[in-house]
Every structure is written in C-alpha cells, then in structure tokens.
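Have the structure open as you read.

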Amino acid sequence: MKYGRTYNFSAGPAMMPEEVLEEIAAEMMNYRGSGMCVMEMSHRSKAFQTIFDEAKADLKQLMGIPDNYKILFVQGGGTVQFSMVPMNLLKGGVACYVETGAWSKKAIKEAKKFGEVKVVASSADKNYSYVPDCSNLDIPDNADYVYICENETIHGLTYRKLPNTKGHVLVSDQSSMFLSRPCNVADYGLIWGGVQKNVGPAGMSIVIIREDLIRDDLDDTLPVYLNYKTHADADSLYNTPNCWAIYCCGKVFKYLLKNGGLEAMNARNEEKAKVLYDFLDQSKFFTGAVVKEDRSLMNVPFVTPSKEQDAEVVAASKAAGFDNLKGHKSVGGLRASIYNAMPKEGVEALVDFLSKYEKEHA
Ligand SMILES: *Cc1c(COP(=O)(O)O)cnc(C)c1O
C-alpha cells in the first residue's frame, strides 16, 4: 500500500478510499482558492453551502431518494439516534424492535425510556448468529414503528429481506452497511447511519426521513437539537454542523458515483466477501460465526478452536501488517470489517495470511 498505509480491518472508524484522502490532502491548506481549509470555513459561507448542497444532491442521486424524504446531517454519532428515533416517532403507541445483536439491544434499551417497547423477534437463543424470520411478526395495531439494525456490526449479520411490517413504518439502522448496496428508500419511513463505518469521519449520522413523520407537536417538549423538525426546517444548518464530516462524506459520494454507484459497490462487496467466506468455509481451523444466508458483506466474525489461539492469530496478524482484527470485546474471536474502501487485495492478502497460519499452526 502507498504511504506505508496498512490494511485496516477496523469496524469503525474505518478505511476511506485512498483517492478521497489524497483529494482532501491536496485541498487542506487552501480549499479551491478560498484561502482557507474547510475546517476553518464558516458554515454560512458560499463555499461551504456549495459543498453542502452537492453532498446532499449526490447522496440523493446515489440512493435514489424520493422527493418526499428529507436528508438530515445530525451530530452525535449513531448512539444519539437510539434516543432520537423513539423521542420523535413514538406517539403513545408501541415501538416494535427486532433483536439481532448488540446494536439492536442498545436501541431497545434506549427506546424503553420513552414508551412501550415490544421485541417482536429475536435471535438471542443462538447468540445472534442468524436473522429471525420476519415474514409474519406479531405487530400490534397501535405500533408506531418497527425497528431493525439492518447490519449488526459486532455479530456480522445482515438482512437479505426486509421484515413484513404489515403497513407500519420501518426504521432501519444502516450504520455499518450504508451505501454498500442498493436500497429502495421508499420501503422505509426512516433510515439512519453513523457515517464512520462506511463513509466518513466519526461524530455524525445521516438521517433519511419521510416528510410525514416529521412532527409539529414536539417543539415545546423535546430538546431542540433532538427534534428532527429542527434539522428539517433549517436544512441541517440550525447550528454549526459537522462541516468537516459533511465535506469528507461529500467526497465519498462523488467517488461512489464515479465508480458505478451502489450496484457496482454491491458487486465489488459480494466478490470481496466471497474471497474470505470461501476460505472460512473450507478451513478446518477458522470457523465463521453466522449462518450462511444471513452473513454480512461488511463485517466477518470468525473464531479459532480456542480463545488463546484467537489471541495468537490477532497478534500474528498485527505483526504481519494487518490491523484491528480482534473481535469486539463482547463476543471475542476475530472480526474482519471489509467496508467499501477495503481493496480486494487487502482481503486476498488476509486470506493468504490466514491460510499460511493454518498450515503452520493447526
Ligand atoms: C457503530 C454503530 C453504532 C453507533 O455509532 P456511534 O457513532 O459510535 O454512536 C450504531 N449502530 C451500528 C449498527 C453501528 O455499527
């Protein structure tokens, strides 16, 4: 890799496309003749407004976002959305959640502070190694929404088919799969994603919300920043936004558009993940943690026969120039996060390493 960069398998913050980092570096000291870095630029300036407008328009094009949806750039990272969703969408009814791992559990815990929560399906019985059948969920009539974590970053699960919400609003946490594959936005009431997994620097979420879900009756009760309406009314510029993150995300949107959009990303991601899964499937030493049908293309957890050997592989991989392969502390083992910006060569190099390791140690 150029610049002595490493194949970074971190679950987030994660790799950015090299070309994007180079562009950012080139514009660092003087952004297009403005005499300043984007970091130093007023969010009310014309130069920033252009960056902002283009980022929004490019995202709209990339995802094919219909006109009746608002795109919001909200600070605070993904965790803030665990609260904002129930605060804004619960209207005295029931919030339905599908429990598939650590991130949906966090969302459930938070929603319980704001109203009645019903877990309509769970894969806790098998340590979140599969996505439960969501074709005929028991959803109460007064459900205000049905919530999923569409890609469980820690457990490595993804939905191949969206739940049948029986006409209720679908809310999805797409943090660790955002822009990794095509997405029919009209199937959802609200999509949100923390950007540091697949798009940009940490500390911001992108929220895509259907306009009719933005409420007028919360101005006097919700903290102003936590009300989606605040961000919708001010076009995400109510206060100083995370200008730097918006700028970097905008660069990535342009990069994705230039490289074939989400169809092309999906094809690349399928191909890349296959290299690793094919290896794991034939290995007698390494075992994938998730049932085949529900495996994530982004986060690949796997284990060796013992915790001690897990740790030994992690240490050896680090010495060999691969970074952040340790599984999340809550589940252990190993995990390779292979987001959009991880080159296929990185996955191939990892498989070469693991394969050699198996021959020498197993
Ligand atoms: C990382 C992550 C979050 C939390 O994001 P923060 O920005 O760290 O708060 C939420 N959901 C999923 C699926 C994630 O991967």
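In this predicted model, strands β9 (residues 190-194) and β10 (residues 204-210) run antiparallel to each other and pair over five bridges. As a reminder, strands of a sheet pair through backbone hydrogen bonds, either parallel or antiparallel.

Now step back to the sheet that holds this pair. Seven strands form an open sheet with mixed pairing, in the order β2-β10-β9-β8-β5-β3-β4. The edges belong to β2 (69-75) and β4 (116-122); each has a single partner strand, so one side of each is left without a neighbour in the sheet. From one strand to the next, the twist averages 20°. Packed on the sheet you will find helix α3 (residues 77-89), which touches β2, β3 (94-99), β5 (143-149), β8 (170-173), β9 and β10. The direction of α3 makes about 160° with that of β9.

The structure holds 24 salt bridges.

Next comes the division of the chain into domain 1 (20-258) and domain 2 (261-361). Their C-alpha centres lie 27 Å apart. The contact draws 24 residues from domain 1 and 25 residues from domain 2. Here are some values for this pair of domains:

| Between domain 1 and domain 2 | Value |
|---|---|
| Buried area | about 2000 Å² |
| Part of the buried area on carbon and sulfur atoms | 54% |
| Salt bridges | zero |
| Residue pairs in polar contact (both at pLDDT 80 or more) | 13 residue pairs |

Which elements give two or more residues to the side of domain 1 that touches domain 2? They are α2 (46-63), β7 (157-158) and α6 (243-258). Of these, α6 provides the largest share of that side, three residues.

Which residues of domain 1 lose the most area to domain 2? Ile 154, Arg 160 and Pro 182 do, and together they account for 24% of what the domain 1 side buries. Although the structure holds 24 salt bridges, the count between the two domains is zero, while 13 residue pairs there are in polar contact, both at pLDDT 80 or more.

Technical notes:
Residues numbered from 1 in each chain as written. Predicted model: local features only at pLDDT ≥ 70, side-chain atom pairs only at ≥ 80, totals over all residues. Heavy atoms only, no water. Pairing = 2+ DSSP bridges. Helix = DSSP H or I, 4+ residues; strand = E, 2+ residues; numbered from the N terminus. Axes fitted to C-alpha atoms, helices over the stretch in contact; angles between N-to-C directions. Contact = heavy atoms within 4.5 Å. Domains from an automatic or database assignment. Buried area = accessible area lost by both parts, 1.4 Å probe. Salt bridge = Lys/Arg side-chain N within 4 Å of Asp/Glu carboxyl O. Polar contact = N/O pair within 3.5 Å; in protein donor to acceptor, adjacent residues only side chain to side chain.
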